[in-house]
Amino acid sequence: MTSRPILIRLFLSAILLGATAASAQDKGSADPRPLPPLANPDDPKLGAKELFGRKVLPAAMPTQAVGFYAKGCIAGAEGLPINGDTWQVMRLSRNRYWAHPDMVALIKRLAAKAHKDAGWPGILVGDMSQPRGGPMFTGHASHQVGLDADIWLTPMPNRPLSRNEREEMSAVMMVRADRLDIDPHSWTPSHLGVIRAAAQEPGVQRIFVNAAIKKALCREAKGDRDWLSKVRPMYGHDYHFHIRIKCPPGSDACESQPEPSESEGCGTGDLAYWFKDSVIHPKPPTTPPKPRPPMTLAQLPAACKQVLAAPDAKP
Ligand SMILES: [Zn+2]
């Protein structure tokens, strides 16, 4: 028996362990190392993230979001240019600036609007999807079908960021230390402006923010408040907000999600759960939860097999 496969496995698990909890805050490297080739790519137990994580370019196929936000893939994704007049893409090493063209167009519109109306020089764009979507090594359960995007709650600086800065720079924490409200030292009316601009986009289905941010939006939104119904509290959104768009026309294999209720979601009862002590300071479980086996290719919609097998789109 040779020790080589064991070494490869050790190397892989080191990569995985080092990065299990990626978020907007996790730093990347300006000189990322490519993943080693798979010893057995046809192993049915292999996590689909191993296959999708190794694709560098989109599938040369007609555009189609396939499956559900947290269980699917995308054919014919488009890359968001890493620089625009009013946006810059962060953490380039993750190669997650791919999405359905409708999402790419929305980001460009939102960036221009944030610049013009929200008093920001522009937006910093975090994770969208991998070139062919699918599950990822780190971070998200969703972002699999090219219809999700993370936007930093930190305005774009007034100059192009270097490659290194895009990997190393941290977003600003928006939530107060006691977790019950926003941090007034970092929160500004422009933050409300950029979230509102995103929520008012007709194609947007939901926006996820930390509950303290939702509380601040409820308190401070003036005039039209219809957009508040789309903004939902969610764990893990202290530094960025998450935009989710509806299944676009033409994506017949895309699985939609029920529309959010029309209520603003601003009543005390609506937010009470999120500010319970047991939610803000969860007790560690007495027995550590068993790690779940990764999602396999067989668990994804059948069309995702073709998306993986398709030739690379032209860069
Ligand atoms: Zn997200």
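Mentor: Buried means a relative accessible area under 20%, exposed means over 50%, and partly exposed lies in between. The model we are looking at is predicted.

Trainee: Which residues of helix α5 are buried?

Mentor: Helix α5 covers residues 189-199, and it is mostly covered. Of its 11 residues, 9 are buried. Read along the helix, they are S190, H191, L192, G193, V194, I195, A197, A198 and A199.

Trainee: Take H191 in α5. Which residues is H191 in contact with, leaving aside its neighbours within four places in sequence?

Mentor: H191 has a relative accessibility of 4%, so it counts as buried. With the neighbours within four places set aside, the contacts of H191 are W120, L153, M174 and S186.

Trainee: Which residues coordinate the zinc ion?

Mentor: The donors are spaced H-x6-D-x91-H along the chain. The donor atoms are NE2, OD and ND1, at 2.0 to 2.2 Å from the zinc ion. In that order, the residues are H143, D150 and H242.

Trainee: How many residues apart are H143 and H242?

Mentor: H143 is in the loop between β6 (123-125) and β7 (148-152). H242 is in strand β10, residues 240-245. The pair links distant parts of the chain, and the separation is 99 residues.

Trainee: Are H143 and H242 buried or exposed?

Mentor: The cut-off for buried is a relative accessible area under 20%. H143 is at 0%, so H143 is buried. H242 is at 4%, so H242 also counts as buried.

Trainee: Now the aromatic rings. How many aromatic pairs does a search of the whole structure find, and what kind of pair do Y97 and W98 form?

Mentor: The search finds 4 aromatic pairs. In the pair Y97 and W98, the ring centres are 5.7 Å apart and the planes are at 20 degrees. Planes under 30 degrees apart count as stacked. The pair of Y97 and W98 is therefore stacked.

Trainee: And what kind of pair do Y273 and W274 form?

Mentor: Here the centre-to-centre distance is 5.2 Å, with 85 degrees between the planes. An angle over 60 degrees is the cut-off that applies. Y273 and W274 are edge-to-face.

Trainee: Are Y97 and W98 buried or exposed?

Mentor: Y97 has a relative accessible area of 18%, so Y97 falls under the cut-off of 20% and is buried. W98 has 12%, and W98 is likewise buried.

Trainee: R91 and R179 are not glycines, yet each has a positive phi. Where in the chain is each one?

Mentor: The phi of R91 is near 50 degrees, and that of R179 is about 70 degrees. R91 is buried at 3% relative accessibility, whereas R179 is partly exposed at 26%. R91 is in the loop between β4 (87-89) and β5 (98-99). R179 is in the loop between α4 (163-168) and α5.

Trainee: Last, the chain as a whole. What radius of gyration does the chain have?

Mentor: The chain has 9 helices and 10 strands, and buried residues make up 47% of its 315 residues. Among contacts between residues at least 6 apart in sequence, 77% join residues at least 24 apart. The C-alpha trace spans about 65 × 50 × 40 Å along its principal axes. A compact globule of 315 residues would have a radius of gyration near 20 Å, which agrees with the value for the chain, 20 Å.

Terms used:
Residues numbered from 1 in each chain as written. Predicted model: local features only at pLDDT ≥ 70, side-chain atom pairs only at ≥ 80, totals over all residues. Heavy atoms only, no water. Phe/Tyr/Trp six-rings, centres within 6.5 Å; stacked < 30°, edge-to-face > 60°. Buried < 20%, exposed > 50% of the residue type's maximum accessible area, 1.4 Å probe, protein only. Helix = DSSP H or I, 4+ residues; strand = E, 2+ residues; numbered from the N terminus. Rg over C-alpha atoms; globule rule 2.2 N^0.38 Å. Contact = heavy atoms within 4.5 Å. Donors = N, O, S within 2.8 Å, 3.2 Å for Na, K, Ca; no water.
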